[in-house]
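These are my notebook entries on a structure that I am reading for the first time. I record what I looked up, entry by entry.

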Amino acid sequence: MEQQLQLDKLNRNEPIYMIGIGGISMSALAVILKKAGYAVCGSDCKTSDMTASLQAQGIPVHIGHCADNMGKVSAVVYTAAVQKDNPELVHARTLSVPVVERAVLLGEIMKHFKTPIAVSGTHGKTTTTSMLSQVLLEADFDPTILVGGILSSIGSNMRIGSHEYLVTEACEYCGSFLKFFPKISLILNVEEDHLDYFKDIHDIIDCFHAFAEKTPEDGVLIVNRDDKNAMAAVRNVNRPILTFSTEKREADFVATDITYGTDGCATFTILRRGVFFMEATLSVPGLHNVKNALAVAAAADFMGIVPASIQQGFSSFSGSHRRFEERGMYHGARIIDDYAHHPTEIKTTLSTARKAAGEGKIWCVFQPHTYTRAYKLREEFAKSFFDCDGVIVVDIYAAREQDTGLIHARDIAKDIENISHNACYGESFAYAENWLKERVCEGDYIITLGAGDVNTIGAHLADCP
């Protein structure tokens with residue numbers, strides 16, 4: 001049974017110990033706790049830029065997990081990726097202190113803000129959280145920000161502002177967002193994913209339904225009217241609901257007259273309940289970002305932000321780290337890195353690239369993320385690469401999982417080859433780089449796809465003479 005955590009009752013003279021402190025979310029929470037006057041320390045499996053940053057801010061970080069690292073603590077927080085047999089977690093459970101998962105801590109922190117905002121969905125959470133954060137910044141709302149990537153305007157994954165507004169991503173994995181207490185909840189889309197935890201799409205919809213019901217009666221739910229599963233998740237939820245759409249005029253916020261510039265970025269009109277609300281122009285490409293912008297506009301309007309400030313946020317938001325991020329050039333070919341690791345995300349990214357590339361060809365390096373996802377969504381992955389001219393599939397990035405032997409990158413490559421005749425397996429990153437070098441011409445696009453370390457390929461190519 002999950003323990004409870006009450007920050008106000010902790011002994012501030014004893015540190016909160018964080019297992020996996022170098023993670024993108026854990027590191028941000030560590031800084032927030034320290035700024036709030038709590039002693040914080042923790043551990044991670046390896047050194048990184050994030051652990052170095054924490055140490056520079058006076059937060060001790062042990063490299064490697066060992067029970068002796070812990071000492072006397074007031075509470076222990078761990079990430080969902082930490083295994084049950086982790087020696088620090090095992091030791092922590094012998095202590096008479098709260099031992100909680102990261103989401104419980106974030107939920108507790110939310111209680112200290114007047115307007116917590118949680119952005120959920122299978123796709124688009126980081127981009128939408130970042131875009132909304134940019135709007136709040138432009139409106140001088142002084143938000144506290146927790147985002148799963150680096151937001152260029154703040155040069156970090158987090159920002160500490162006032163105790164009025166907190167904006168954060170809300171992930172469904174392991175039901176994490178059910179520990180949250182948002183006043184404004186966004187549901188961007190609901191699809192099959194994380195099938196190592198969820199049984200099926202119905203189980204996922206039920207989880208999002210439970211999340212929707214956590215919105216208070218004086219708050220608001222903002223939901224994608226074009227997504228049938230998202231709408232199913234809010235069915236019979238007795239809370240104020242705002243919907244957004246690029247297709248259905250009956251939604252509360254609708255994008256019409258969408259046009260695209262040569263960079264793939266959209267200009268469009270936003271209607272609010274059928275009446276003109278604002279003209280919008282984005283600095284990030286693709287129809288999916290039109291949908292994200294509609295969700296942001298709905299949330300911003302609920303908070304009383306005027307259209308001029310919303311547009312300022314749209315104009316100054318040029319994207320998040322690893323979301324259709326330009327990494328440089330290789331012999332006249334543009335290098336793009338994208339975190340896409342789900343079939344729908346891949347199709348969206350490649351469709352956006354196809355529009356931008358014009359007559360140029362699109363060459364992809366795909367790194368599947370986790371064995372469970374690769375195995376259970378195998379058929380969907382095979383159908384995701386029609387918009388590219390060639391894809392090389394490198395080994396699966398295990399992340400939190402062990403190799404089950406049920407699926408290999410060769411299988412994914414063979415599936416893609418059988419459908420679109422444009423795939424092969426790459427036994428190493430060096431092999432994939434050479435494969436690209438043999439094919440790429442001036443005007444082409446190189447896309448690295450995946451949530452692992454595949455982005456290093458693009459970075460290396462950008463440094464090549």
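**Entry 1**

I note that the model is predicted: local features need pLDDT of at least 70, side-chain atom pairs count only at pLDDT 80 or more, and totals for chains, interfaces and linings use all residues. Residues are numbered from 1 along each chain as its sequence is written, and side-chain values use heavy atoms, with hydrogens and water left out.

I found Thr 370 in the loop between strand E18 (362-366) and helix H11 (371-376). Helices (H or I, at least four residues) and strands (E, at least two) are DSSP runs, numbered from the N terminus. Thr 370 is not a glycine, yet I read a positive phi of about 75° for it. Most residues other than glycine have a negative phi.

I then turned to Asp 142, which also is not a glycine and has a positive phi of about 50°. Its place is in the loop between helix H5 (125-138) and strand E7 (144-151). With 31% relative accessibility, Asp 142 counts as partly exposed.

**Entry 1: Glu 88**

Is Glu 88 buried or exposed? I found it buried, with a relative accessible area of 0%, and placed it in helix H3 (residues 87-92). Its side chain and that of Tyr 17 are joined by a polar contact of 2.8 Å. A polar contact is a pair of N or O atoms within 3.5 Å; within protein, one must be able to donate a hydrogen and the other to accept it, and residues adjacent in sequence count only if both atoms are side-chain atoms.

Not counting residues up to four places away in sequence, I listed what Glu 88 touches, including Tyr 17, Ile 19, Ser 43, His 65 and Cys 66; contact means heavy atoms within 4.5 Å. Cys 66 is 22 residues from Glu 88 along the chain, and their C-alpha atoms are separated by 5.6 Å.

**Entry 2: helix H4**

I looked up helix H4 (residues 102-110) and found nine of its nine residues buried, so the helix is largely enclosed by the rest of the structure. Among these buried residues are Arg 102, Leu 105, Glu 108 and Met 110. Glu 101 caps the N-terminal end of H4, with a side-chain oxygen 3.0 Å from the backbone nitrogen of Ala 103.

**Entry 3: the nonpolar cores**

Which residues touch the most other members of the largest nonpolar core? I noted Met 18 and Ile 187, in a core of 82 residues. A nonpolar core is a set of buried Ala, Val, Leu, Ile, Met, Phe, Trp, Tyr and Cys residues joined through side-chain atoms within 4.5 Å.

I found Asn 224 in strand E11 (residues 220-224), buried at a relative accessible area of 6%. A polar atom of its side chain lies 2.9 Å from the backbone oxygen of Leu 188. The side chain of Asn 224 also reaches the backbone nitrogen of Asp 226, at 2.9 Å. Beyond four places in sequence, Asn 224 touches Ile 187, Leu 188, Ala 230, Met 231, Phe 244 and Lys 291.

I located Thr 115 in strand E6 (residues 115-120) and read 7% relative accessibility, which counts as buried. Its contacts, leaving aside neighbours within four places in sequence, are Glu 164, Tyr 165, Leu 166, Lys 183 and Ile 184.

**Entry 4: Phe 429**

I placed Phe 429 in helix H14 (residues 429-437) and noted that it is partly exposed, with a relative accessible area of 25%. Setting aside neighbours within four places in sequence, Phe 429 is in contact with Gln 367, Val 394, Asp 453, Val 454, Thr 456 and Ile 457. Phe 429 and Ala 36 are 393 residues apart in sequence and, C-alpha to C-alpha, 43 Å apart in space.

Notes: Buried means under 20% relative accessible area, exposed over 50%, partly exposed in between (1.4 Å probe, protein chains only).
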